[in-house]
Amino acid sequence: MNRRLGHGLQFRGVYTFSKTLDDGDNMNTSVATNSPAFVANPLQPKADYGRASFDVRHSAVINATYDLPFGRGNSSHGRPWVERLIGNWQVSGIETVQSGLPFTPQLSYNPSNDGDTRNPVRPSLNSNFKGQVIQGGPSQYFNPAAFIQPLPGTYGNAGRNILQGPGLAETDLSLTKKFSFSERLGLQFRTEFFNVFNHTNFNTPNPVVFASATGGPSPTAAVITATSTTSRQIQFGLKLLW
């Protein structure tokens, strides 16, 4: 959707609703942060049917541009240099919001004993678990108690990509000043603010629930150790136009 208003103001908005299902994709060549790249049970590939590793359900981007009204057709009381200094400024902003990527609860060992050393086998669902699986905090994004270890010689019944990771929200701003020296020659000064509100966007958590066949959940299960975007970044640029 595009909307151009008066006085140098215009908006553009894009929204995407999507759903992608498959039984495997080639986004990862090995066990990665959100989904194994290998079938858990080669004799039953349909058990891996679920959300694709790149499935983003909701995605919206809104940007706006506004030509600041200072110095428009105003000689600033007989001082044209003041008008040249305060005129031709433009502010722009981009807001990006999207839902999180799915991820798969995983094991770092293979209880099925089928000889696959890549450990694509998933845990089983805990039928006695009650409450919210997704906790949301970086120290324990999901509750490992929602899963149990499969019995030796079996495959876990937890589905592929059944959990959803943290969403993303970021605001970028820019302030631009244009200097016109002639019809063909100009100069543009830019100040750009990426993630201007310094909002923390978390990456997917550690999906390995159990690290061995004995003992409880791994102490690092569900822990988030990285962000998906950088902290606030500010940069200045000067561009010569001809």
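This report describes strands, a nonpolar core, salt bridges and a surface patch in a predicted model.

## Paired strands

Strand β6, residues 89–98, has two pairing partners described here. With strand β5 (residues 58–67), β6 pairs in the antiparallel sense over 9 bridges. One of the residue pairs in this arrangement is A64 with G93, where G93 belongs to β6.

The other partner is strand β12, which covers residues 168–180. Strands β6 and β12 also run antiparallel, and 10 bridges join them. Here Q90 stands opposite T176, a residue of β12.

## The nonpolar core

In soluble globular proteins, nonpolar side chains tend to be buried together. The largest nonpolar core in this model has 15 residues. Those that touch the most other members are F103, L107, F142, F147, L163, V209 and F210.

Which residues does F147 touch, leaving out those up to four places away in sequence? Its contacts include the core residues F142, L163, V209 and F210. F147 also touches P105, P123, S124, L125, N126, A158 and I162.

## Salt bridges

Side chains of opposite charge can pair when their charged atoms come close. The model has 6 salt bridges. One of them joins D48 and R122, with the closest N and O atoms 3.2 Å apart. D48 sits in the loop between β3 and β4, and R122 in the loop between β8 and β9, so this pair ties together parts that are 74 residues apart in sequence. Both D48 and R122 are buried.

Another salt bridge forms between the side chains of R51 and D55, at 2.7 Å from N to O. These two residues are buried as well. R51 and D55 also belong to a network of salt bridges that includes R57.

A further salt bridge links E192 and R190, with an N to O distance of 3.1 Å. Are these residues buried or partly exposed? E192 counts as buried because its relative accessibility is 18%, and buried means under 20%. R190 counts as partly exposed because its relative accessibility is 24%.

## A nonpolar patch on the surface

Some nonpolar residues lie on the surface. F181, L185, L240 and W242 form a patch there, and together they have about 510 Å² of accessible area.

Where in the chain is L240? L240 is in strand β15, which spans residues 233–241. With a relative accessibility of 47%, L240 counts as partly exposed. The cut-off explains why: exposed means over 50%, and buried means under 20%, so a value in between is called partly exposed.

Conventions
Residues numbered from 1 in each chain as written. Predicted model: local features only at pLDDT ≥ 70, side-chain atom pairs only at ≥ 80, totals over all residues. Heavy atoms only, no water. Patch = residues over 30% accessible without salt bridge, like charges linked within 9 Å, V, L, I, M, F, W, Y side chains within 5 Å. Areas by Shrake-Rupley, 256 points an atom, 1.4 Å probe, with all protein chains shown as cover. Salt bridge = Lys/Arg side-chain N within 4 Å of Asp/Glu carboxyl O. Helix = DSSP H or I, 4+ residues; strand = E, 2+ residues; numbered from the N terminus. Buried < 20%, exposed > 50% of the residue type's maximum accessible area, 1.4 Å probe, protein only. Pairing = 2+ DSSP bridges. Core = buried A, V, L, I, M, F, W, Y, C linked by side-chain atoms within 4.5 Å. Contact = heavy atoms within 4.5 Å.
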